[in-house]
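The sequence and the model are shown first.

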Amino acid sequence: MKYEINGRPLEFPFGKLEGLAIYINGTDLPDEVYQTCDINFVVETINQKIADQGAIQGYWQGATETALFHGVSVFDGEPATIRNRKQNQPRLVNH
């Protein structure tokens, strides 16, 4: 946690996990993407791929997107396993 007291920056590390959120487009992709891509399959696959780093902790479903929230033990940018998965799941690609 980074914060400031009386203009002095402070940093206080705590916890063992960092947060990662993946937002999945729910409205703007071609219809065939939504017909052929199962979000439950995406969730299961991500959990399998990052099992040694963390797991999906929860989700939020809004009117235009779904967010998957992860707790990961090591976060250096985007975990390679998730980056590789995006290549095979159209809902995870930013169109």
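## Surface and burial

In this predicted model, the accessible surface of the chain comes to about 6,900 Å². Carbon and sulfur atoms account for 49% of that surface. The chain has 95 residues, and 25% of them are buried.

## Elements along the chain

The chain contains 3 helices and 5 strands. Read from the N terminus, their order is β-β-β-α-α-β-β-α.

Contacts can also be sorted by how far apart the two residues lie in the sequence. Among contacts with a separation of 6 or more, 55% are between residues 24 or more positions apart.

Three strands form an open sheet with the order 3-5-4 and antiparallel pairing. Strand 3 and strand 4 (54-61) are at the edges of this sheet. Each of these two has a single partner strand, so one side of each has no neighbour in the sheet. From one strand to the next, the twist averages 25°.

The antiparallel pairing of strand 3 with strand 5 runs over 8 bridges. Within this part of the sheet, I22 has L68 of strand 5 as its bridge partner. Helix 2 packs on the sheet and touches strand 3, strand 4 and strand 5. The direction of helix 2 makes about 155° with that of strand 4.

## The nonpolar core

The largest nonpolar core consists of 8 residues: I22, I24, V42, I46, I50, I56, L68 and V72. Two or more of its residues come from each of strand 3 (18-25), helix 2 (39-49) and strand 5 (65-72). I22 and L68, both members of this core, are also the bridge partners named above.

V72 belongs to the core as well. Leaving out residues up to four places away in sequence, V72 touches K16, L17, E18, I50, Q53 and G54. One of these, I50, is itself listed in the core.

T66 is located in strand 5. Its relative accessibility is 12%, and because buried means under 20%, T66 counts as buried.

Which residues does T66 touch, not counting residues up to four places away in sequence? They are I22, Y23, I24, W60 and Q61.

Notes:
Residues are numbered from 1 along each chain as its sequence is written. This is a predicted model: local features need pLDDT of at least 70, side-chain atom pairs count only at pLDDT 80 or more; totals for chains, interfaces and linings use all residues. Side-chain values use heavy atoms; hydrogens and water are left out. Helices (H or I, at least four residues) and strands (E, at least two) are DSSP runs, numbered from the N terminus. Buried means under 20% relative accessible area, exposed over 50%, partly exposed in between (1.4 Å probe, protein chains only). Contact means heavy atoms within 4.5 Å. Accessible areas come from the Shrake-Rupley method with a 1.4 Å probe; for residues, only the protein chains shown count as cover. A nonpolar core is a set of buried Ala, Val, Leu, Ile, Met, Phe, Trp, Tyr and Cys residues joined through side-chain atoms within 4.5 Å. Two strands pair if DSSP finds at least two bridges between them. Axes are lines fitted to C-alpha atoms, for helices over the stretch in contact, and angles run from 0 to 180 degrees between N-to-C directions.
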